[in-house]
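Here's a quick walk through one protein model and how its pieces sit against each other. Have the structure open and follow along.

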Amino acid sequence: MKKCSDFVLGMDESVTLAAANRAKQLKSQGRDIIDLTLGQPDFKTPKNIGDQAICAIENGKASFYTQAGGLPELKQAVANYWQKFYGYAVDQKEIVITSGAKFALYAYFQAVLDPGDEVIIPAPCWVSYVDQVKMSRGKPVIVHATQAHDFKVTVDQLEAVITDKTKVLLLNSPSNPTGMIYTQEELTAIGNWAVAHDLLILADDIYCHLIYGDAQFSAISSLSPAIRQQTMVINGASKTYAMTGWRIGFAVGDSEIIAAMTKFVSQTTSNPAAISQYAAIEALNGDKTQVEVMRKEFEARLNTIYPLLCEIPGFEVIKPNGAFYLFPKVTQAMAMKGYHDVTDFTTAILEEAGVALVTGAGFGAPENIRLSYATDLESLLEAVSRIKNWINSSN
Ligand code: PLP
């Protein structure tokens, strides 16, 4: 008897989680592995946030189901944050709280896609978009942005792939895996183009508070009322507040789509964990000192590690200005070591140099590898030195 469905058998495992698992496995066998695979802050959740979670347990508030779409107090905290950060008012009907931003994205695809509807996804892109669209009966349409163009797509590229089945344009800025940020001008051009074609826009802003140097984050939904009307913004607590384990995401946009997403949530996860929701209220409303401390630390690591990575023979690296990833093009380094496939190359770095990275193949970029600098500087320096020595060593 075939135990698993064709549907699940046809899905790919998340390459980042697979790479992280392999690193953990080798570590458990006693191997000395530096793990730069996962996109999660290496800091503990700020104390004021954790304290509110403990409080919610102790006073019994966390014992119960909440509204499927999230606690009204948390929605209000999101609405207040929205007014302050995005600069426009949103109603609670335009908000749904989910078990992580990942589930907000999935609920959105489930809510808007009919079979065969196309979603334009600029690549390199985060690993889960493509599979989530497929799992929601849609068709991912990948548009490849080049390293020469800072990994950003242009309106001309989008125009070349639009069809009468195109329903959604997805944008992720700052981007995972490239760390690139679209400027206000670029977003205005893309947003106006999407509105002119009556497309929905899905803006994954999860890295919006991890911005470095002179760069500025622009929110596409804040650019004009017409763009805002078409846009669903995805955001969450994971990256900004070092809360990946708490699983809190939110989606803000059109109330009809939010209602459909809330229905989907009610039939799948029910509400996100009540404890986490109480913690998230504090994250949004409370003291942000620690958030800035973490951002500065990421920036310092980037500034230290970037020039060293550029010195590795055969690595071509653009300096990112957001998120916490570096995404070098490694075609020359692969040739020097006799590799043709970036996944094999990444595996060799793991097995032979003891550094776990993620193959660019899973992000739609077969010439690149992803390195997360959300880990301590000492490990990062050691990792870069190991990779450099490995590249320089003879085969
Ligand atoms: N969107 C992007 C671009 C991400 O990189 C991630 C996590 O890695 C997510 C969404 C999901 O975040 P969460 O932990 O809130 O599910």
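## Where α14 meets α15

Ile349, Glu352 and Ala353 are what α14 brings to this contact, and they meet Arg386, Ile387 and Trp390 of α15. Sort those residues by class and you get four nonpolar, no polar and two charged. Keep in mind that this is a predicted model.

How do the two helices sit? Helix α14 covers residues 342-353 and helix α15 covers residues 377-392, and they pack at an angle of about 105 degrees. Their axes are 10 Å apart. An angle of 65 to 115 degrees counts as roughly perpendicular, so α14 and α15 get that description.

## Another crossing: α5 and α10

Next up is helix α5 (residues 101-112), which packs with helix α10 (residues 255-266) at an angle of about 110 degrees. Here the axes are 9 Å apart. These two helices are therefore roughly perpendicular to each other as well, and the crossing of α5 and α10 is right-handed.

If you want to click through the contact, α5 supplies Ala107, Tyr108, Gln110, Ala111 and Val112. From α10 come Ile257, Ala260, Met261, Phe264 and Val265. By class, the α5 contact with α10 has nine nonpolar residues, one polar and no charged ones.

Zooming out, the chain is divided into two parts: domain 1, made of 6-32 + 289-390, and domain 2, which runs over 47-285. Taken over C-alpha atoms, the centres of domain 1 and domain 2 are separated by 25 Å. The contact takes 27 residues from domain 1 and 29 residues from domain 2.

Which elements give two or more residues to the side of domain 1 that touches domain 2? They are α2 (15-28) and α12 (289-310). Helix α12 gives the largest share of that side, with six residues. As for classes, the side of domain 1 that touches domain 2 has 14 nonpolar, eight polar and five charged residues.

## Around the ligand

Last stop, the ligand. How many residues surround the ligand? There are 13 of them, and the closest are Gly100, Ala101, Lys102, Asn176 and Ser238. Two of those names, Ala101 and Lys102, belong to the 101-112 stretch of helix α5.

By class, the shell around the ligand holds three nonpolar, eight polar and two charged residues.

Methods. Residues are numbered from 1 along each chain as its sequence is written. This is a predicted model: local features need pLDDT of at least 70, side-chain atom pairs count only at pLDDT 80 or more; totals for chains, interfaces and linings use all residues. A residue is near a molecule or strand if its C-beta atom, placed from the backbone, lies within 6 Å of it. Ala, Val, Leu, Ile, Met, Phe, Trp, Tyr, Cys and Pro count as nonpolar, Asp, Glu, Lys and Arg as charged, and the others, Gly among them, as polar. Domain bounds come from an automatic or database domain assignment. Two residues are in contact if their C-beta atoms, placed from the backbone, lie within 7 Å. Helices (H or I, at least four residues) and strands (E, at least two) are DSSP runs, numbered from the N terminus. Axes are lines fitted to C-alpha atoms, for helices over the stretch in contact, and angles run from 0 to 180 degrees between N-to-C directions. Angles under 35 degrees count as roughly parallel, over 145 as roughly antiparallel, 65 to 115 as roughly perpendicular and the rest as oblique. A crossing is left-handed if the near helix is turned anticlockwise from the far one by less than a right angle, and right-handed if clockwise.
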